[in-house]
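This report walks through selected contacts in one protein model.

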Amino acid sequence: RPIQVCVDLRANMFFATKGVFKSVLVSQIAALIAWVSLRHRDRLGGLLFSDTHHDEIKPKSGRRAVFQYLRTLVSHQAWEHALGAEQQPHQETLNHALTRLRRVVRPGSLIFLLSDFRGLDKVGEAHLHELSRRNEIVLVFSYDDLEKQIPAAGVYNVTNGSREVVFNGYSKSSRALYRERFNKHLAHIERIAGIKGIFLTSCTTDKNPAEFLQLALSQGIPLCRT
């Protein structure tokens, strides 16, 4: 069976306050899925994309296919250019990745999309809906705890390396708005996961990827054809 493991390496994925960057976490999970595909004799392929570059890997079987996938993943330009490179709008990049995926994926595939799904809009949702008609899709939502909720009231200096802003965490309305934005984002992803053929699982940056996959299996997330 063709398995497409698609990894989001956009600039927003290079963030964490605990554990590892989201980009590192989804790459570790992708690597484990690659080895699982070898064990079940599936054909491994995928799409690795950043704000400015993407690599398409055609599904192939065997150990060489796994090594090719891992080499492409670790040598992607995103690891060198994540900080400082001029970026395209996130929603366009994610939509473009899903557009490419629709062009190359074959019916009957198992698709893993590992991302924080920033910028996922109605266009991206429509792409996922069309892909789910003839394929199974697993959405792996990666996030850091700080993205969900500010840890304590206070004044925080935040920087992206070139620009700095001050966030007033003492404001109850600001804290409520912060939580609301995350909850709306999660609710949007959960609504998409309500479409037949689409599964959703979540993993925070401080979790062990192997333990995460074991838990996902126990929750009925498909990792191979049963």
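## An exposed arginine and a charged patch

Arg-106 sits in the loop between helix H4 (90-104) and strand E4 (110-115). Helices (H or I, at least four residues) and strands (E, at least two) are DSSP runs, numbered from the N terminus. This is a predicted model: local features need pLDDT of at least 70, side-chain atom pairs count only at pLDDT 80 or more, and totals for chains, interfaces and linings use all residues. Residues are numbered from 1 along each chain as its sequence is written, and side-chain values use heavy atoms, with hydrogens and water left out.

Arg-106 counts as exposed because its relative accessibility is 56%. Buried means under 20% relative accessible area, exposed over 50%, and partly exposed in between (1.4 Å probe, protein chains only).

Arg-163 lies in the loop between strand E6 (155-159) and strand E7 (164-168). Its relative accessible area is 57%, so Arg-163 is exposed.

## Aromatic pairs

There are seven aromatic pairs in the structure. Phe-14 and Phe-21 form an edge-to-face pair, because their ring centres are 6.1 Å apart and their planes lie at 70°. Rings of Phe, Tyr and Trp (its six-membered ring) pair if their centres lie within 6.5 Å; planes under 30 degrees apart count as stacked, over 60 as edge-to-face and the rest as tilted.

Phe-14 is buried at 13% relative accessibility. Phe-21 is partly exposed at 38%. Elsewhere, Phe-117, Phe-141, Tyr-143 and Phe-182 make up one aromatic cluster.

The structure holds ten salt bridges. Each is a side-chain nitrogen of Lys or Arg within 4 Å of a carboxyl oxygen of Asp or Glu. One network of them links Asp-8, Arg-10, Lys-22, Asp-116, Arg-118 and Glu-147.

Arg-10 bridges to Asp-8 at 2.8 Å, N to O. Arg-10 is buried at 0% relative accessible area, and Asp-8 is buried at 0% too. Arg-10 also meets Asp-116, at 3.5 Å, N to O. Asp-116 is in the loop between E4 and helix H5 (122-132) and Arg-10 in the loop between strand E1 (2-8) and helix H1 (22-39), so this pair ties together parts 106 residues apart in sequence.

Asp-116 is buried, with a relative accessible area of 1%. Its side chain also forms a salt bridge with Lys-22 (2.8 Å, N to O). That pair links distant parts of the chain, 94 residues apart, with Lys-22 in helix H1. Lys-22 is buried at 0% relative accessible area.
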